[in-house]
Amino acid sequence: MEADARAVDAGTTDGGWHEFRLDFAAEPRFVSTARLFAATLARQFACPEERVQDVKVAISEACSNAIKAHEQAGVPDPVQVFVHSDPGSLTYEVVDTGEGFEFDGAALTLEDPADLVEGGIGLTLIGALFPGFEVRSGPGDNGTVLRFSVDLPD
Amino acid sequence: MNVSGEVDLHTAPMLRERIHELTEQGTDRIVLDLTELSFMDSTGLGVLVAGLKRIKSRDGELILAGMQDPVKKILQVTGLDKVFDMRPSVAEVTGGG
């Protein structure tokens, strides 16, 4: 069960620039840790609750992909989540050092929703919630960086 | 069947097992009570889709009841809300209350 992160002092977009980082071992049980970390920051920077939920989904998808990439490549490294705030937005980056992949932007539309492609549906979901998201990867390359931003209220 | 908490990469396998058990038992209608499900991502969606296909192949039905808004949104965004039978509550399904 998730702790109530609303207890965190929320509500000031103080116009600052801040950096946060979470490293965790590439194990499925830590996806929820990453969600809690990401959601807490989103609330702390006064994101509307619906966007906080969107952040949780995107982080969950990205971290799940990262963990699978590490498992496939057999790398012992942690997965990293970087969060950067500026006065207008909160930017999340999920970085892994696993096997890269071919990212076909055209595959983002779901023709038959019941035809869930392993790993692909996660990116479709991220794209629906954060249309400006970016992925840097490539087959055989060293790892993947997935980045998305949420606008902060004025 | 009650599904509570969060369904993701870590917890989805347990849900998959439970749904598999129910379909193996030959149940012709599975009702998933999702009122206490606070979060689900695509891993969970995959489990639900697989469960739906399996039960449909036995002429059964899978009903999702009492979905919270964040979970509903994920189904809407992926178009899966048109694929699943979704009800506001378990009471609507059983006709009780």
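Student: What do the side chains of D54(A) and R51(A) form?

Tutor: They meet in a salt bridge, with N and O 2.8 Å apart. Keep in mind that this is a predicted model.

Student: How far apart are those two along the helix?

Tutor: D54(A) and R51(A) are three residues apart in helix α2 of chain A, so about one helical turn separates them.

Student: And is D54(A) buried or exposed?

Tutor: D54(A) is buried, at 4% relative accessible area. R51(A) counts as partly exposed, with 23% relative accessibility.

Student: Which residues are linked with them in a network?

Tutor: E50(A) and K73(B) join R51(A) and D54(A) in a network of salt bridges.

Student: Ah, chain B shows up there. How many salt bridges are found across the interface of chain A and chain B?

Tutor: Four of them. In the whole structure, over all chains, the search gives 14.

Student: Is R35(A) buried or exposed?

Tutor: Buried, with a relative accessibility of 1%. D8(B) is buried too, at 3%.

Student: What else does R35(A) pair with?

Tutor: E6(B) is another partner: the side chains of E6(B) and R35(A) form a salt bridge at 2.6 Å, N to O.

Student: Which helices of chain A supply the side that touches chain B?

Tutor: α1 (31-44), α2 (49-73) and α3 (120-129) of chain A each give at least two residues to that side. The largest share, ten residues, is from α2(A).

Student: What kinds of residues make up that side of chain A?

Tutor: There are 13 nonpolar, five polar and eight charged residues on the side of chain A that touches chain B.

Student: How much area do chain A and chain B bury between them?

Tutor: About 1900 Å², and 67% of it is on carbon and sulfur atoms. The contact takes 26 residues from chain A and 21 residues from chain B.

Student: Changing topic: what does R29(A) form a salt bridge with?

Tutor: With E27(A), where the closest N and O atoms are 2.7 Å apart. R29(A) is partly exposed, at 47% relative accessible area, and E27(A) is partly exposed as well, at 30%.

Definitions and conventions
Residues are numbered from 1 along each chain as its sequence is written. Chains are lettered from A and ligands numbered from 1 in the order in which they are written. This is a predicted model: local features need pLDDT of at least 70, side-chain atom pairs count only at pLDDT 80 or more; totals for chains, interfaces and linings use all residues. Side-chain values use heavy atoms; hydrogens and water are left out. Contact means heavy atoms within 4.5 Å. Buried area is the accessible area (1.4 Å probe) that two parts lose on being put together, summed over both. A salt bridge is a side-chain nitrogen of Lys or Arg within 4 Å of a carboxyl oxygen of Asp or Glu. Helices (H or I, at least four residues) and strands (E, at least two) are DSSP runs, numbered from the N terminus. Ala, Val, Leu, Ile, Met, Phe, Trp, Tyr, Cys and Pro count as nonpolar, Asp, Glu, Lys and Arg as charged, and the others, Gly among them, as polar. Buried means under 20% relative accessible area, exposed over 50%, partly exposed in between (1.4 Å probe, protein chains only).
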